[in-house]
Amino acid sequence: MSAERRRKAEKIRHLLETEGDAVHENITHMNAERYDAIERFDDFETLREEARAIKEDAIADLPALIEELRESVEANGGHLYVADDAADANRYITEVADEKDAETLVKSKSMTSEEIEMNDALEDAGVDVWETDLGEFVIQLADEAPSHLIGPSLHRSQEDVAELFNEVFDPEEPFETAEELTTFARDYLGEKIREADMGMTGANFVLADSGTITLITNEGNARKTAVTPDTHVAVTGVEKILPSVEELQPFVELISKTATGQDISQYVSMFTPPVDSPTIDFETPDEPLGSGDGEREFHLVLIDNGRLDMREDDQLKETLYCIRCGACANSCGNFQHVGGHAFGGETYTGGIATGWEAGIRGEEAADEFNDLCTGCSRCVNACPVKIDIPWINTVVRDRLNGEATPSEFEFLVEGLTPDAEDSVDPQKRLFGNFGTLAELGSKTAPLSNWLADLGPVRSLMDEYLGVAPDRDLPEFQRETLEEWFESRTPRAPNADATRKVVLYPDAYTNYVLTERGKAAVRVLEALGAHVELASPIESGRAPVSQGMVDTATEQAEAVAADLAPYLEAEFDVVVVEPSDLAMFRREYEKLLEADTHERLAENAYDVMEYVYGLLENGADADALADPVEPIAYHSHCQQRTLGAEAYTEAVLEEQGFDMVTSDVECCGMAGSFGYKSEYYELSMDVGEDLHDQFADEDDRKLVASGTSCTEQMSDLFARDVTHPVELIDPGR
């Protein structure tokens, strides 16, 4: 393994050992609450659509909204400052502190202030800063960066926090329970709030027409921080502006459910500062409230810091729709195990971190963690404003590839890389051209399989190409699915066929897992369909996963051209591999003309989805194979995000299979991700959830819908894994 890959692997291993258990436990709980809250809420999808439309319009109108907000704030007697960057924002804030002779400042949680490193700037200016959010207080004491957008200290267990508090505060009786910790923090920070010269908050949303800021929290510290000191500074990004209170409701409903799984957060506070409430003088507790002569002062500091440039970037603009709920991180299999200190940048964490870090600091700021996004798209379904987070990660990966210096080891993959890219790391170039590699491996099998498995060869692949030596490699078949199909007894078109099908042979189905392709053909024919086989052209999934967008576009165009005559002849497209179906239905929207994508997406089906449709429309279920043994079934993550997994379960249940199904969202393999040396241990750690679920199912046949799941389960259980369509194959 190269030095850089070894460094990454060691960092991930360290975080798995020190933070992984706490991250996994806390996020598992948050996800369970999120699922329940969304299940209870009938209008979830409707409000997602509404919120998305509101953000699209608000970002489009952003310059006008900023000026409207300025007028509103100033009409209220407050001050609005638009800061170009972090240095500009910190200069303004420290000047306000200097004018107020402020010695202490208390803060509620604000990722934007983390972004501009405001605490450091104020402390350098002689102002003591205290975080009053419990999680932020914990990481301030520990001198750590946040590990999550809404749960900055979720990488720490209760025992960790108790140990930290005992070390820092040395109480007479050591802290042990959560109640003891929170009671102490409440009292300690309450005193800091009462003594503070200035208070600072963020803002979840800001209303342009009134100057109102909205704080959505689960602790009472934010509103205390805003109104107890006489001077209140709110710091937030320009993207947080909404036109009016009429647009606010969907976001209040959504953010609590997607962030913490609550029907509504504990506190929804709306301030139109400077508020008319009297100032508080704690030094004269016997005087009536408001008898002092203090005046309230309010400053709203809007941060640009690259956001207005992001607004002009068609690929990064969607990042500005983010409402910082953290659902993308919580839905991510990798994040669930390693947390934001690996899957995150200097400030932001999770899948959306790539867009934020690239937008405010440049693409290179996302280079360290960008590959931890595997493109499964679960985050898209979880996001309350439907941001296509995997595509943002793909685009930034593509831009980083374009900036890469050509490697001296390009010769190792020369001839295997008929791609359209100028400069790509050899590891990515290898995995991005898997179709070519598979074709060569098949033509030279079984020699290729024997050679690739030799110890010295695996060592070289690890060192120079970053292929994990402990991962079993695919076993290429000498006879491809295409060759098998062409060698069958010549068939005239089935005059009695109820449907015409063209089966799309992905690289694995054509060169490696050919039995699932053969089974698909036989099953479809048994149910009365006339079947043809498309050309074995790669869908573009492999290069997309490596950020090789030009190559993916070329492959998508070739697939679309190959399938066009079939679609003209009213064939349905059936796909065996769920990740390729996801390409047809989702990513091709980015790679092809709109009408070409729409036609293919509307007529492409998962093989078991299509079987379900045939059976529902009168096909003879008795033509399929009967159950032989009980099964344990795991569906592919992209099959789930497309909503296609239910069809497989329905078919197998209707056919009478004794089945247990996995509710684990990710097997951990994620295509080439699990093959990469630096990520192998994380991949297997994620896979342990699936292993634990099926650990007691030794008497059941293992079944998986996708290639990645098949490979991972084969490694986890050291057993053969079958595709669902093989179970019902009448010719098995």
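1. Val206 has Ile213 of strand β6 as its bridge partner. Strand β5 (residues 205-207) and strand β6 (residues 213-217) run antiparallel and are joined by two bridges. Two strands are taken to pair if DSSP finds at least two bridges between them; strands (E, at least two residues) and helices (H or I, at least four) are DSSP runs, numbered from the N terminus.

2. This is a predicted model, in which local features need pLDDT of at least 70 and side-chain atom pairs count only at pLDDT 80 or more, whereas totals for chains, interfaces and linings use all residues. Residues are numbered from 1 along each chain as its sequence is written, and side-chain values use heavy atoms, with hydrogens and water left out.

3. β5 and β6 belong to an open sheet of four strands, with the order β8-β5-β6-β9 and mixed pairing. Its edge strands, each pairing on one side only, are β8 (241-242) and β9 (267-271).

4. A further open sheet has six strands in the order β1-β10-β7-β4-β2-β3, and its pairing is parallel. β1 (79-83) and β3 (128-131) are the edge strands, each of which pairs on one side only. From one strand to the next, the twist averages 20°.

5. Helix α4 lies across β1 and β10, running at about 150° to β1. Angles run from 0 to 180 degrees between N-to-C directions, and axes are lines fitted to C-alpha atoms, for helices over the stretch in contact.

6. α4 (residues 62-75) also packs against helix α3 (residues 44-60), at an angle of about 80° and with the axes 5 Å apart. The two helices are therefore roughly perpendicular to each other (65 to 115 degrees; under 35 counts as roughly parallel, over 145 as roughly antiparallel and the rest as oblique). Ala58, Ile59 and Ala60 of α3 meet Leu62, Pro63 and Leu65 of α4, contact meaning heavy atoms within 4.5 Å. By class, this contact has six nonpolar residues, with no polar and no charged ones. Ala, Val, Leu, Ile, Met, Phe, Trp, Tyr, Cys and Pro count as nonpolar, Asp, Glu, Lys and Arg as charged, and the others, Gly among them, as polar.

7. Where does strand β15 (residues 631-634) have its buried residues? Both faces of β15 are covered, with Ile631 and Tyr633 buried on one side and Ala632 and His634 buried on the other. Buried means under 20% relative accessible area, exposed over 50%, and partly exposed in between (1.4 Å probe, protein chains only). β15 pairs in the parallel sense with strand β16 (residues 659-661) over three bridges and with strand β17 (residues 701-704) over four. Tyr633 stands opposite Thr661 in β16 and opposite Val703 in β17.

8. How many disulfides does the structure hold? There are zero, a disulfide being a pair of cysteine sulfur atoms within 2.5 Å. The closest cysteine sulfur to that of Cys379 is in Cys373, 5.9 Å away, which is too far for a bond. Cys379 is buried, at a relative accessible area of 9%. Cys383 is likewise in no disulfide, and the nearest cysteine sulfur, that of Cys325, is 6.2 Å away. Cys383 counts as buried, at 7% relative accessibility.
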